[in-house]
Amino acid sequence: MGFMVVLSALLVVGAVGGVLVRRRSRRGRPPSGLDAEAEANQWLVRLGKGLVPPDLSAWAGAGEDAARALTSAADCHREARARLADARTTAEYAEVTRTAREGLDHLRRARAGLDRETASATPGAG
């Protein structure tokens with residue numbers, strides 16, 4: 001009976017030690033292809049959600065700079081989506097992520113331009 005308790009304890013300690021060693025060895029490695037794909041998909045979804053405005057009339061009244069930035073963001077979304085469909089390597093997924101983040105930068109500029117135009121169109125602002 002005592003032998004079984006000791007053996008069980010050793011097995012539990014060995015399993016915990018194995019998990020800890022595996023986690024530590026994983027820290028220094030670059031992300032796997034599956035991790036890179038998930039990250040690329042996350043950034044692409046984030047960009048796609050940003051392209052859907054809460055108020056469509058706000059985008060319709062955008063000035064030239066904001067409209068150009070919005071068009072660039074939509075182009076980045078389209079390009080990233082096409083690249084994601086063909087991506088198979090970590091480097092290709094990283095390129096999808098880079099393109100989606102570039103689109104988010106364009107989207108940020110579009111929203112900033114839209115906020116400035118909205119503020120200048122408000123009576124008493126200026």
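Contact here means heavy atoms within 4.5 Å. The structure shown is a predicted model.

**View 1. Overall fold of the protein.** Five helices and zero strands form the secondary structure, and from the N terminus the order of elements is α-α-α-α-α. Of the 126 residues, 25% are buried. Among contacts between residues at least 6 apart in sequence, 74% join residues at least 24 apart. The accessible surface comes to about 9,000 Å², and carbon and sulfur atoms account for 60% of that area.

View 2. Not counting residues up to four places away in sequence, His-77 touches Leu-44, Leu-47, Gly-48 and Leu-51.

**View 3. The largest nonpolar core.** This core has 18 residues, and Leu-84, Tyr-93 and Leu-107 are those with the most contacts inside it. Helix 2 (33–50), helix 4 (64–86) and helix 5 each supply at least two residues of the core. With neighbours within four places in sequence left aside, Leu-84 is in contact with Ala-40, Asn-41, Leu-44, Tyr-93 and Val-96.

**View 4. Leu-114 and Gly-63.** Leu-114 is part of helix 5, which spans residues 90–121. The relative accessible area of Leu-114 is 11%, so this residue is buried. Leu-114 and Gly-63 lie 51 residues apart along the chain, and their C-alpha atoms are separated by 7.2 Å.

Notes. Residues numbered from 1 in each chain as written. Predicted model: local features only at pLDDT ≥ 70, side-chain atom pairs only at ≥ 80, totals over all residues. Heavy atoms only, no water. Helix = DSSP H or I, 4+ residues; strand = E, 2+ residues; numbered from the N terminus. Buried < 20%, exposed > 50% of the residue type's maximum accessible area, 1.4 Å probe, protein only. Core = buried A, V, L, I, M, F, W, Y, C linked by side-chain atoms within 4.5 Å. Areas by Shrake-Rupley, 256 points an atom, 1.4 Å probe, with all protein chains shown as cover.
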